[in-house]
Amino acid sequence: MMRARALAFLVPTLAAAVLLGGCLLKQSKPARTYVLDPLAAAGTSAPCETPLAVVGVLKVTVPGWIDRPQVTGRAASGQIVTDEFARWGEPIERGIQRVVAENLAALLPDRRVVAAPFAPGQAIDQRVDLGITEAARQVDGTVLVEARWAVLGPKGETLVQHRSSHRASPTAAGAAGAVTGASEALAGLSRDIADALRALPTPERGEKAVERP
């Protein structure tokens, strides 16, 4: 009898706990999804039919602490902070590759820009090999993007090798500002790469491009 009364007491208690848990879940903060934004195209003209060169942007490499679904930032003493309620809408290395390719297409309208993986048989005159070493909001509120990059020729030879560092000061707080700042800093990085590509001689069409992914 005592046991029956104990069970009778537990049933409404458990039911209340389940209902309370459901209310708490419903009140939990929803996750937000972000993507990086490219530069706006300078005009609405059709792509050049006879481009000076075909530029391919290779797969971008990023450190493991950046390569995660959450938006990350820097805290004091080098601590990495992740925002569980701010998520990338695409893998971050793919997002950076997409934005850099779109930026180069906007900055270099006389060239055709494609992103790896390239179509079978696609001849690539110049390849952009990009490695991100830093891409996060810093303790002072700015967003820093640092990268090592190179431009490779059709036979895989290194034509240009450089390091870039760009810092943006977004006005928005939190993850929204971090993403906006990263897009601005990547625009500066893309301008560095575009300047290097403009300074190179026009590729000779007789050269055979090396096959790379």
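Trainee: Which element gives the most to the lining of the largest cavity?

Mentor: Helix H3 does, with four residues in that lining; helices here are DSSP runs of H or I with at least four residues, strands are E runs of at least two, and both are numbered from the N terminus. The model is predicted, so local features need pLDDT of at least 70 and side-chain atom pairs count only at pLDDT 80 or more, while totals for chains, interfaces and linings use all residues. Residues are numbered from 1 along each chain as its sequence is written, and side-chain values use heavy atoms, with hydrogens and water left out.

Trainee: What counts as a cavity?

Mentor: On a 1 Å grid over the protein atoms alone, it is a set of points where a 1.4 Å probe fits but cannot get out, and its lining residues have an atom within 4 Å of a point.

Trainee: OK, how many of 30 Å³ or more are there, then?

Mentor: The count by this rule is one cavity of 30 Å³ or more. The volume of the largest cavity is about 140 Å³, taken as the space filled by probe spheres set on the points, with grid points joined across faces, edges and corners.

Trainee: Which residues lie nearest its centre?

Mentor: Of the 17 residues that line the largest cavity, Trp88, Ile92, Ala135, Ala136 and Ala182 lie nearest its centre. Two or more lining residues come from each of strand S3 (70-74), helix H2 (92-107), strand S6 (126-137), strand S7 (143-152) and helix H3 (174-199). By class the lining has 14 nonpolar, two polar and one charged residues, where Ala, Val, Leu, Ile, Met, Phe, Trp, Tyr, Cys and Pro count as nonpolar, Asp, Glu, Lys and Arg as charged, and the others, Gly among them, as polar.

Trainee: Switching to the core, which members touch the most others?

Mentor: In the largest nonpolar core, which has 42 residues, Leu36, Ile96, Leu104, Leu130 and Ile132 touch the most other members. Such a core is a set of buried Ala, Val, Leu, Ile, Met, Phe, Trp, Tyr and Cys residues joined through side-chain atoms within 4.5 Å, and buried means under 20% relative accessible area, exposed over 50% and partly exposed in between, with a 1.4 Å probe and protein chains only. The largest share of this core, eleven residues, is supplied by H3.

Trainee: Where is Leu36, and is it buried or exposed?

Mentor: Leu36 is in the loop between strand S1 (32-34) and S2, and at 3% relative accessibility Leu36 counts as buried. Leaving aside neighbours within four places in sequence, its contacts (heavy atoms within 4.5 Å) include Trp88, Ile92 and Ala182.

Trainee: What about the backbone, which peptide bond is cis?

Mentor: The bond from Ala116 to Pro117 is cis, with omega near 5°, and Pro117 lies in the loop between strand S5 (112-115) and S6. Ser77, in the loop between S3 and S4, has a positive phi near 60° in a residue other than glycine, and Ser77 is exposed at a relative accessible area of 83%.

Trainee: Last one, what is the overall pattern?

Mentor: The protein has three helices and eight strands, following α-β-β-β-β-α-β-β-β-β-α along the sequence. Buried residues make up 40% of its 213 residues.

Terms used
1 Å grid on protein atoms, 1.4 Å probe; cavity = no way out; pocket = protein on both sides within 12 Å on 5 of 7 lines; lining within 4 Å.
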